[in-house]
Amino acid sequence: MADQAQDPVREEESSVTAEVVDPTAEDVAEASEMLSLTVTLPHEPGSIKIMVSVHETFNDIRQSILDLPSTVQYTCFSLWFEGVKLKDFLELHSVEGIYDGATLELREEAYNEKEARIHVLKVRDVIGLVSTKNIAIEPLSAGLSNLVATQRFGESFNPSTENLSHPANGFELNSPVDLSEYLPVSDTDRPQCVKSLGLSMWHPPAPNFRLRGHLLYLQVLTLEGNLYHITADLSGFYVSNSTNQKFDPSPKKGSGHKLEKAHSLLVLLEQLSPKFKEELLAWQTELGQREPLTVFSPSNAALAAPWLARPNDIVVADISRSQEQLLLGGTDNLDTFRDWNEDLQSTREMPKTTIQEQILRERLLNKLYFDFSEAATKGAVLIARDEVTAINPGERRESQIYLYNGIFFSYGADGMGTFADEGGNEAARYVVGKDLTGVRVITELDIDGIFPLCTVIVDYCGRRIVAQSPIPGMFRQREDGEDQVVYGSSSIDDRDKVACQKDFAPYFEKIGEFLHLKPHRVWDKEGQSFELATSLETKGLDGADGRKYIIDMYRTTPLDINFIESEGEGYPHRIPVLRHEAVEAWWRKQLREWIDKQAEAIKADGKDYKVVYKSETSSAEPITMGESSVEEPVKAESAEGLSKERSELDNTSKEIVTIEASGLQFTLNPDVFSGQVPGTPEDAEKYRADEADVRAASEFVSLSLIPEFVSDLRKGLSLPFDGTQLSSVLHRRGINMRYMSALLKAIDEPAKEDEKATKNLDSLKSILIQEIIVRASKHALISLISSLPFAIVPYAITHFFNCILGTKLNSEPTIKIDQELVEIYGEGTVDDFSFAKLTAADVQSLVADEAKNRFRYDLQSDWATSIIREVPFMRELSLKLGLQWDSKRYSFDKEMQLASKPTSNGNAITEPENLEKTVTKSHTKSKKKGHSSKQQESLVAKKIAESVPATTFTRDDLLNIVPVVKDLSLRSSLAERALETGRLSIMQGQKDVGQSLLLESLSLHEQIYGVIHPEVARAYSQLSMVFSQLGEKDAAVDSARKAVVIAERTIGLDAADTVLMYLNLSLAENDNGNPYVALAYVRRALTLWKMISSEWHPDAVTTFNNVAIMLQAIKNYDDSLKWFEASMELCVKVFGTHSVNTANLNFQLAQAFLLVRDSSKAVQRMRDAYTYFHKELGAEDENTKQAEKWLEHLTQSAVFLARQEKELEARRALQQGLVNGAAQAVNGSSSSPAVTQTGKSSKSSKKKGKKAKSVAPASEAPEKLGARPIDELVKYIDGE
């Protein structure tokens, strides 16, 4: 049996979190066991049926009922079973006697003020009133999806042989990007069910009325124009006798002395307004016709903010819009206040020994992290706008701290001078980002007894703000000499003090072992030594709640000393650290080499062996070592005989020797090169050895990781699409973005010897250079706007973009700031407007300096006009800064300006040629009155000049700036393990078990993350590919569709992942027999692809080829040939003329030429394919044999067709001569023009019908060959 490959790090993780149970098929099935329940209702429709998991709580079931369209009127109710009221947080399986098909009873309950407010908010949502809950941070045009419109576009084509039109018609591969195709068509306007609905002027109830049960006083203006005052009390809602002039909350009797009252406000409004019921039904009907996933609101994810948006010019009057915050938080706003730290840490302390407990724990944690991120983002935006008072307002801005909504805020700047020697604010900005990475790693490690803080970083208008859950007791006044920090640097502001409390040591030792950090000695300013398991900068704190907290985790890896010493000159700071992936890869390499050496010695003695990973925090467990997955930072090579299956070891007669691998082997000291001074010669010697290890790990990035990455790319590893995907790929491989220039050098090195070696990486080089410029531009712009008042920031951003992207249109752009703003901010703040004095050359010089200092890359002088691609650059920089521009065509040069057309929003520039016609026509009278033509031309030129902007961007083009949020974004290990287990089961042939596990893993994803979440989109995408492999075509299409919709709404309309999901969906649709819809999806993907990158990616070779095959399937052979030729052109550009890719395409292209009856080109292409296959693969290779067979047939056919064509031409010439002679005889003059008589020639051809049939003109070929499938082409060219 071949040696199995398993990673020791996986065993390390399981030893650290030993309580977590890996899911089996039975466990997951049990956790997801479903029951069908009937719920009886007090009103129509009387009852509903729901499917629920046995491990759901009744609170979850309540939420499911609330989301159903047929039960929207219920918000305040309880559930009963067999006369017993069920508690909200009781799990379904805990109810005695519950069974599949059981009946629950829904009973309406008495309201309280909070429940009444919740009910009013629900009514607002149901009738389509826009929520303002997140108005401060909500993007424009957020959460849109283009899938349904794309599908309808594909379905609009008629699959008939007469009509060869298809969705790919008119798509130009090399045409300029059309930004108007970015956003989907806007949804129809929401219906107006009422004119207004909100709290009345009589709210809140006085104490005496509150004692009577009054909760809210509302007023509603119906579409009929009737104004009603409504009182909400304990029993429901009723119309009162109050008016705008008189307060009388008593019930009002309607016609027939009947009280107008209902438990639900929706029901009451239906009774009061017939039009309300009509409009509500129309709105619910419209929602029911939409794709459900485009309507659902995410519970644990933020909607993606597009970089192009539509302005929100239409604002509907809604009196309750400004009252929504009051309805959410109550009169004293206490409903929105939370103790974030207690919520987080108590949730982390929940049990996790069973699958059910893990599901509940991970679901609550994900919801909590999202809620915290949302609240932190709101607070950070207010702080950036100077709308929150600091705790220490007397300090300078960078030093100010804030406590808002129970969250602790500070600036990502060096306010205390802690990093004065390492780079100041630049170092502090870098440190907070690395601290978030450390928090994420420690949180995912999930060590019981140690508690990281919930942390979020918000970048907004050039400010970086850090939000954290406060540590209990952090603001408590301390006695002299008392420090809250008890492990690590014992003072937050003073690094010279060190503490090492023994109670914290075991927890930090676990962390150090997992991160491969070496226990080491550090010294304080007095020379006293301390033994630490992690970096000196990583601190342990005792909280007032008795918990042990860990903070400042920015040094969980050592310094990148090789970069500092070789490339650090001019770098913005002196504390760049290695990535965790790089340390992990280095550790694996060292451990692998050590095990190989041990194994060789054991085998030399004639013995067998096994490898055991021994963690210092748990018992030893047997493992195997070997090849890691492609996703790991380094692709490990399998070592022959490295380990053996336990069954083989049990059966061997040889003595078995155990090789113990430890997590404390090959560890790194994180505090070397950071100013520590050893106290003794022995310590100094150890310190030098530690320095050598860290230096080796640092050099490992340049000497191993980068060359291996480039090598993998040359071997066929897929290239990234854009800067975002590039960053993700490099980080997974352990390569920091500061190494982008080193990557460029590594790509170019082989070019000196073999140009073909780097030709297929030209796309990557282009992306790398573009990303260097984008990131340099981001830092240059941040330095300009970080100190500007919020109202001035848009002017600076607009001017900056014009100086880079608009110089082809206007080489010297300027910016005019509103005079009122100049007067308000000008006095005493002259420096605030210094950006307006910068020329395009100044701005481009700032960017070039940043590229040189941060990425060691020298930009050529004309980089702004010769290197960057305008739309991809605009997109990347806007996404990194949270900018939303008006969705319209932008003129990046004068040609585009003259060719500009009206946009969909109606605010476009008039076309100059049309304007000229209009102006000329309107001044015809002036000409008659004696005005000169020169005056008219001058007037026309003036009008044209006034119709187009002087710069590419104007202040009004920037519609919004949204905060860019970096949070923990934890992934569920349970859901991922279930998904991976299902895939492995299918690979092992256990199809039924695997499919069951995959579906259950999807259920876990939706339970933990919610339905609308990026991780759910990725799960659907993986499921779709698995279903395609299994032949489950309908399931593959359904999963792929859901993946695209969720990805568009949460990852981004034009994200690289979204484009790939569109391409996967197109393949699934084509495989399912829907080529027209598939072509529509491909067209959408290619449209987005052009926006991401203005030059085609190497993977587009396959995409163009797929389009050609789809067009062949619908018998459009001419267009299919064009796409094959486009694929071949790109293939030659990327891979060269002599490559297996080009040969395969030549093989397909030969068949495509045959289908359009171009035999000579078909022979030429097939000969090229055969030549390559024969030379490179040999005569016995199957590809060579197939090409040889096809070449023989095509050659014979070409000779035959050429002979027949020659004979046909001769006959045509003879017939033409006879006709001309007859015409001359009739006309009596040989000099008269010849008249062609088609009648006789056609009659002549009928006599030789059979022979003429095989030599039809090329224009008729598609119709003649259309009915023949490709697999019959051989028979066709054989004459059969």
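Helices (H or I, at least four residues) and strands (E, at least two) are DSSP runs, numbered from the N terminus. This is a predicted model, where local features need pLDDT of at least 70, side-chain atom pairs count only at pLDDT 80 or more, and totals for chains, interfaces and linings use all residues. Residues are numbered from 1 along each chain as its sequence is written, and side-chain values use heavy atoms, without hydrogens and water.

A cavity is a set of points, on a 1 Å grid over the protein atoms alone, where a 1.4 Å probe fits but cannot get out; lining residues have an atom within 4 Å of a point. Grid points are joined across faces, edges and corners, and a volume is the space filled by probe spheres set on the points.

The structure has nine cavities of 30 Å³ or more. Two are described here.

| Cavity | Volume |
|---|---|
| Largest cavity | about 100 Å³ |
| Second largest cavity | about 70 Å³ |

Twelve residues line the largest cavity; His55, Gln356, Ile359, Leu360 and Arg363 lie nearest its centre. Helix α12 (residues 355-384) gives the largest share of this lining, four residues. By class, the lining has three nonpolar, five polar and four charged residues. Here Ala, Val, Leu, Ile, Met, Phe, Trp, Tyr, Cys and Pro count as nonpolar, Asp, Glu, Lys and Arg as charged, and the others, Gly among them, as polar.

The lining of the second largest cavity includes Phe721, Asp722, Arg869 and Ile1092. Helices α22 (762-785) and α27 (870-881) each supply at least two of its residues. The largest share, three residues, is from α22. Four lining residues are nonpolar, three polar and four charged.

Notes
1 Å grid on protein atoms, 1.4 Å probe; cavity = no way out; pocket = protein on both sides within 12 Å on 5 of 7 lines; lining within 4 Å.
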